[in-house]
Amino acid sequence: GTQTDFNLNSIPDNCEPGITVSYCTSGTSSIGCVATIGGSGVASASATSGYFVTTSGVEGQRQTITFYSLLGPKTPPTPFGAGFLCVKSPTQRTGNLQASGTPGLCNGLVSIAILDWAQPHPAGQGVPFASGEQVWLQTWYRDPSAPATTNLSDGLQVTFAP
């Protein structure tokens, strides 16, 4: 009924532990950057490190915040600046980070080791993450020339493996 199947393989996403699926629409920054969020490594609930959430295509040297929710994707997504808010509230912020890259270029990158982040944040939503648990992530970034002075990446759904 209400299960998501973002990869459209006819298997509910929460039945596929360890998968990572992109969804939603990134905003386009005032200089034409389109930030894309992705995951790498193994999203394992029994691990303490080894899974990275990385957002690329951000304008270089911009402030960013990656946040997540345990309650699913925001349906429908809410327009936000030039993009969409893709994650349902309440959300958990993982901290303020500065993107790498060169100001004025779309070569900025920000990465967070989400399992490493969880260790010193035991009060964070869903921490410790459990096998089969799903999280929905998105990255916010500063875009001073945009109408709302900020922008958002697309969304990322992660299902934790054992």
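**Figure 1. Residue classes in the lining of the largest pocket of the predicted model.** The lining comprises 7 nonpolar residues, 2 polar residues and 1 charged residue. These are Ile65, Phe67, Phe80, Leu85, Val87, Ser89, Thr91, Arg93, Trp140 and Leu152. Strands β4 (63–69) and β6 (83–87) are the elements that contribute two or more residues to this lining. The volume of the largest pocket is about 180 Å³.

**Figure 2. Ser89, a lining residue of the largest pocket.** Ser89 lies in the loop between β6 and β7 (92–98). Because its relative accessibility is 52%, and exposed means over 50%, Ser89 is classed as exposed. The C-alpha atom of Ser89 is separated by 30 Å from that of Gly101, a residue 12 positions away along the chain.

Figure 3. When neighbours within four places in sequence are set aside, the residues in contact with Asn151 are Gly27, Thr28, Ser29, Ala82, Gly83, Thr139, Trp140, Tyr141 and Asp143.

**Figure 4. The largest nonpolar core and a separate core.** The largest nonpolar core contains 17 residues, of which Tyr51, Val53, Ile114, Phe129, Leu137 and Val158 touch the most other members. Elements giving two or more residues to this core are β3 (51–58), α1 (114–118), β9 (134–142) and β10. The greatest contribution, 4 residues, comes from α1. Another core lies apart from this one and has 8 residues, including Ile65, Phe67, Trp136 and Leu152. In soluble globular proteins, nonpolar side chains tend to be buried together.

**Figure 5. Contacts of Phe129.** Phe129 is one of the residues that touch the most other members of the largest nonpolar core. Apart from neighbours within four places in sequence, Phe129 is in contact with Ala45, Tyr68, Ile114, Leu115, Ala118, Val135 and Phe160. Among these partners, Ile114 is likewise listed with the core residues that touch the most other members.

Note on methods:
Residues numbered from 1 in each chain as written. Predicted model: local features only at pLDDT ≥ 70, side-chain atom pairs only at ≥ 80, totals over all residues. Heavy atoms only, no water. 1 Å grid on protein atoms, 1.4 Å probe; cavity = no way out; pocket = protein on both sides within 12 Å on 5 of 7 lines; lining within 4 Å. Points joined across faces, edges and corners; volume = space filled by probe spheres on them. Nonpolar A, V, L, I, M, F, W, Y, C, P; charged D, E, K, R; others polar. Contact = heavy atoms within 4.5 Å. Core = buried A, V, L, I, M, F, W, Y, C linked by side-chain atoms within 4.5 Å. Buried < 20%, exposed > 50% of the residue type's maximum accessible area, 1.4 Å probe, protein only.
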